[in-house]
Amino acid sequence: QSGEWIARSEMEAAAEAMTAMANLGLDPNVNERKVSKLELASNQDQAWKRLADANGGELGDAIEKLREELNKFDGIPGVAVPKHLHATLRPYQQSGLEFLVYTSRLGLGAILADDMGLGKTVQSLAWLEHLRVEQGQAPSLVVCPASVMFNWCREAEQFTPKLKVLLLTAGEQRHGLREEIPKHDLIITNYALLRRDLTALKKFDFRAVILDEAQNVKNPDSMVAKAARQLQ
């Protein structure tokens, strides 16, 4: 406040922190900005040392672990096709599976940007089956347009019959079905129902959330994008 004194050491620490943020590409003059873990794990060691010093020498275990992983990165590890996957993956689909396994192990989100018809759904199902085998049963949520909800069901039945699927369609019966979520591997809903059911859905701790046709959330200020970010 006006008339108060600020110790030189505090001014110098603040200047160091602002310089470190600028070196990491973060504008200290912007009031609010969301930063991904991948951005936070930037390999600019000197800038991170400055920021850590300004923060009492700590950056957080999750960020430190991610930085260590990225520093030793020499390629995405191979992954065996899940035993109970009823599909033969094309080479690019195998790469997609390995990409999803690797990024999820690091706690990062991922985007499959293959063109329409190239099998993003089967890659996602292969990943969910991999997680089921590696980690046991736990619910994952797919949010998609209403027009493809039954397609997800059909492909899950065809390619990953071991996944227990729960379809949350329109109608009052879905309110009772939500109680069954913890007993299933794959929960399927649509973007309109996500907004209507958000209060109930965000009480669950999902292993993964898949946003199909993700252009539906490209506007971060839209209601559906805000709803998706509240899912656990």
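The following is a conversation about how terms are applied to a predicted model.

Modeller: This is a predicted model, in which local features need pLDDT of at least 70, side-chain atom pairs count only at pLDDT 80 or more, and totals for chains, interfaces and linings use all residues. Residues are numbered from 1 along each chain as its sequence is written, and side-chain values use heavy atoms, with hydrogens and water left out.

Colleague: What makes up the secondary structure of the protein chain?

Modeller: There are 10 helices and 4 strands. Helices are DSSP runs of H or I with at least four residues, strands are runs of E with at least two, and both are numbered from the N terminus. Along the sequence the pattern reads α-α-α-α-α-α-β-α-β-α-β-α-β-α.

Colleague: Why is Asp197 called buried?

Modeller: Buried means under 20% relative accessible area, exposed means over 50%, and partly exposed lies in between (1.4 Å probe, protein chains only). Asp197 has 4% relative accessibility, so Asp197 counts as buried. Arg174 is also buried, because its relative accessible area is 3%. Over the 232 residues of the protein chain, 38% count as buried.

Colleague: How do you know that Asp197 and Arg174 form a salt bridge?

Modeller: A salt bridge needs a side-chain nitrogen of Lys or Arg within 4 Å of a carboxyl oxygen of Asp or Glu. The closest N and O atoms of Asp197 and Arg174 are 2.7 Å apart, and the pair forms a salt bridge. Asp197 lies in helix H9 (residues 191–201) and Arg174 in helix H8 (residues 173–177), so the pair ties together parts that are 23 residues apart in sequence.

Colleague: What does Arg178 do with Asp197?

Modeller: Their side chains meet in a salt bridge, with 3.3 Å from N to O. Arg178 lies in the loop between H8 and strand E3 (186–190) and Asp197 in helix H9, so this pair ties together parts that are 19 residues apart in sequence. Both Arg178 and Asp197 are buried.

Colleague: How many salt bridges does the rule give?

Modeller: The count comes to 6 salt bridges. Glu69, Lys72 and Arg105 are linked in a network of salt bridges.

Colleague: What makes strand E1 mostly covered?

Modeller: In E1 (residues 140–144), 5 of its 5 residues are buried. Ser140, Val142 and Cys144 point one way, while Leu141 and Val143 point the other way.

Colleague: How do you know which strands pair with E1?

Modeller: Two strands pair if DSSP finds at least two bridges between them. E1 and E3 are joined by 5 bridges and run parallel, with Asn190 in E3 as the bridge partner of Cys144. E1 and strand E4 (residues 209–211) are joined by 3 bridges and also run parallel. Leu211 in E4 stands opposite Val143.

Colleague: Which residues of helix H7 are buried, and what do they pack against?

Modeller: In H7 (residues 149–159) the buried residues are Met149, Trp152, Cys153, Glu155, Ala156 and Phe159. They pack against helix H6 (120–135), E1, strand E2 (165–167), E3 and E4. A contact means heavy atoms within 4.5 Å. In the protein chain, 61% of contacts between residues at least 6 apart in sequence join residues at least 24 apart.
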